[in-house]
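Biologist: Before we use any labels, could we look at the model together and ask what stands behind each word?

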Amino acid sequence: MKYIRILAVVLFIISAGSYAGLRFYYEQNLDDTAPVITCDSDAIEISTEEPESALLEGVAALDDKDGDITDEIAVEKIGPFLSDGSREITYVVCDSFNNMGRAVRKLTYSDYEPPRFSISTQLRFPAGKELDLLQYLSVEDRLDGNLTGRIRLTYGYIPDLPEAGSYKLGYQVSNSAGDMAGIDLVVEIYDPEDMACTPSVNLSDYVVYIKKGKTFDPWRYMENVTIGSTEYKFKKDSARKSAGEGTKVNGLFGDPSNREAEDKVIEELNYKDIHIENEADTGKPGAYTVTYTIITQDRYIGRDTLSVIVYE
């Protein structure tokens, strides 16, 4: 029994010594201090075309145990756009004891533009046929690429089998940075039986982007007018003055209230034969609609719209 007691005491002393040694080692090597991330500036400016690695330029990390761990830094998140047009980048790094350090600085883009809509065709369709307008719209974004799948209707309604008339609709899309872009559209639905007599106003584009303060000329996008298989071009010497500006119009096109019984059909268009309703205000960012209208002597109305987006 005496030997057993001695052995028990010895084992206790060994265990206690081992515990004390391990505790001392652990306390000496314990690391509960987070690594420190430093940036050589409070903000960084890059192009939207640059890779994510460009966001790490000028960023370093030091740890009291592991030393330089700059290679371990990662971008944890990039916040939405702030009121000044910048975003906040949050950097994170982890040491060998899983202590995490973070730092934040501002990000601006040298070439950023909001998402841009494109329209692939004239928004003029026959009545009574199925219509999915979204197949003619697309959106490209500098940050996220193609955003077409995120387009959503904000106002207006057009039936699957629409009747003849004009339909106003609004669409919107947002990118991963929370920047939203919208567009206002007017869709013209015509009676197929009147197609041979109804004028078609043909534009070169259906949506244009104008920088705030720049000059906008709606005539620049006017191509020609067709009725059935006949194409009407503009007289080269005709002045660019819309019938909507109060000029009396005689002939094939124009305001029917201005026409007289003896008016003759014309084969070429004067610019004054087109009525342009221009809502675009290039001094104020926003989405606008420009409407081009012609009316034949027989009261057939043709129109087309240009969506104008004024941006900062």
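Biologist: What makes F216 and Y221 buried or exposed?

Modeller: F216 is buried, and Y221 is buried as well, where buried means under 20% relative accessible area, exposed over 50% and partly exposed in between, with a 1.4 Å probe and protein chains only. This is a predicted model, in which local features need pLDDT of at least 70 and side-chain atom pairs count only at pLDDT 80 or more, while totals for chains, interfaces and linings use all residues. Residues are numbered from 1 along each chain as its sequence is written, and side-chain values use heavy atoms, with hydrogens and water left out.

Biologist: Why is F81 called partly exposed?

Modeller: The relative accessible area of F81 is 21%, so F81 counts as partly exposed. Y109 has 15%, which is under 20%, and therefore Y109 is buried.

Biologist: Why are the rings of F216 and Y221 called stacked?

Modeller: Rings of Phe, Tyr and Trp (its six-membered ring) pair if their centres lie within 6.5 Å, and planes under 30 degrees apart count as stacked, over 60 as edge-to-face and the rest as tilted. The centres of F216 and Y221 are 6.1 Å apart and the planes stand at 25°, so this pair is stacked.

Biologist: What makes the pair of F81 and Y109 edge-to-face?

Modeller: The structure holds five aromatic pairs. In the one formed by F81 and Y109, the distance is 6.3 Å centre to centre and the angle between the planes is 70°, so the pair is edge-to-face.
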